[in-house]
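Hi there,

Here is the structure I promised to pass on to you. My notes on its pockets and cavities follow below.

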Amino acid sequence: MGAGAGAGAGAGMGTGTGTGAGTVDGRELSPAVVILSGVVGGISLTVGALLAVTSLAGYTAGAWVSPEPLSPGLLGAAMAGVAPALFTLGRVRVWEEARSLVLPLAIVLVGLFAVSLLNGGALQAVHGGPLFLALFSLGWVATLGLLALAAVVCLVAQYRRPAPPPPAAERPRAAPLPGWSKPLLAVLGSGWLGIGAGLLAFPAFWGPLVPWTVNRADAQGLGVWALALGVGVLGSLVEDDLARIRPALTAVPAVALAVAVLLAVHARSVDWTSGPGVSLLALVAGLLATGVAGRLLLARAGARGEAVNSG
């Protein structure tokens, strides 16, 4: 990702949020979205850290029974990784700057709730797991159900807010993506989207291709996160503005790093010599490179914009 946008920095005027790379105009962000993001961020950080730490310790803990600790650990790593970015939405003023993070978040909430219901027989409470895990699984389903419903309601409320007038809607991008980054983002986003859709819709076929042992619930749960990552990366192409995807740029490298740590600790459980193993390495590395490069280039665009304004 990149920003060849020195001339466009600081171009937006009107309703929006002043940021280093310019002003982002658009639809006013609903307070309900900010509240939801903060609540989900707190829960994700707590529950995600619990799942990740227990996995790092070699224990299998999760809402449903898993054959290996890696899968629930990866779910926890993704949850904990995205939490800091969710907390930053309190500083966002327009929907256009938040949607690249909030829309994938809604996919995760609704998707994980659906996966939990579809695989109800594998839940710890139904399967007869330890008391703590049984209670955890019940709380998992109940909390996801409430948050998924809240996410849908918040999105409806957000899109009921008035859109900006045409001049603001058609403003130049403050920090547009450079041309060389777009094919790379298209490949990365399509890879995550395709894997996620396959695991979610056809777990019996795609599950055995995962380079470690998973069951149906694991495959579909991982598929939900992969699908959300794909939507987020491809959404950055639609936005075509680093200033608009600033919160998502905070989430992407954090998720990639957290996932990389889990994979490194459980490296012996992963078949790295297989095609899926190599593909997983490339996709995780692509996420990390995308996030880090995007943040650096956004900061550079902001510095250029300040130089132009001061001149």
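The lining of the second largest pocket draws at least two residues from each of α2, α7 (181-201), α9, α10 and α11 (275-310). Before going further, please keep in mind that this is a predicted model.

Staying with that second largest pocket, its space comes to about 440 Å³. It is lined by 24 residues, and W192, I195, L199, W212 and L280 are the ones closest to its centre. Which helix gives the most to this lining? That is α11, with 6 residues. By class, the lining of the second largest pocket holds 23 nonpolar residues, 1 polar and no charged.

The largest pocket has about 530 Å³ of space. Its lining counts 35 residues, with V82, P104, L105, V108 and W225 closest to the centre. Two or more lining residues come from each of α1 (31-56), α2 (70-87), α3 (99-118), α5 (131-160), α9 (216-239) and α10 (246-265). The largest share belongs to α3, which supplies 7 residues.

From first C-alpha to last, α9 reaches 34 Å, close to the 34 Å expected at 1.5 Å a residue. At its start, a side-chain oxygen of N215 comes to within 3.4 Å of the backbone nitrogen of A217. After α9 comes D240, with a positive phi near 50°.

How many cavities of 30 Å³ or more does a search of the whole structure find? There are 2. The largest cavity has about 60 Å³ of space, and its lining is made up of L51, G62, A63, W64, S66, P72, L75, W140 and D218. Those residues divide into 6 nonpolar, 2 polar and 1 charged.

The second largest cavity has a volume of about 40 Å³. Around it sit V33, L36, V102, L105, A106, A151, C154 and L155, and α1, α3 and α5 each give two or more residues to this lining. By class, the lining has 8 nonpolar residues, no polar and no charged. L105 turns up here as well as among the residues closest to the centre of the largest pocket.

Best wishes

Notes. Residues numbered from 1 in each chain as written. Predicted model: local features only at pLDDT ≥ 70, side-chain atom pairs only at ≥ 80, totals over all residues. Heavy atoms only, no water. 1 Å grid on protein atoms, 1.4 Å probe; cavity = no way out; pocket = protein on both sides within 12 Å on 5 of 7 lines; lining within 4 Å. Points joined across faces, edges and corners; volume = space filled by probe spheres on them. Helix = DSSP H or I, 4+ residues; strand = E, 2+ residues; numbered from the N terminus. Nonpolar A, V, L, I, M, F, W, Y, C, P; charged D, E, K, R; others polar. Expected span 1.5 Å × (residues − 1). Polar contact = N/O pair within 3.5 Å; in protein donor to acceptor, adjacent residues only side chain to side chain.
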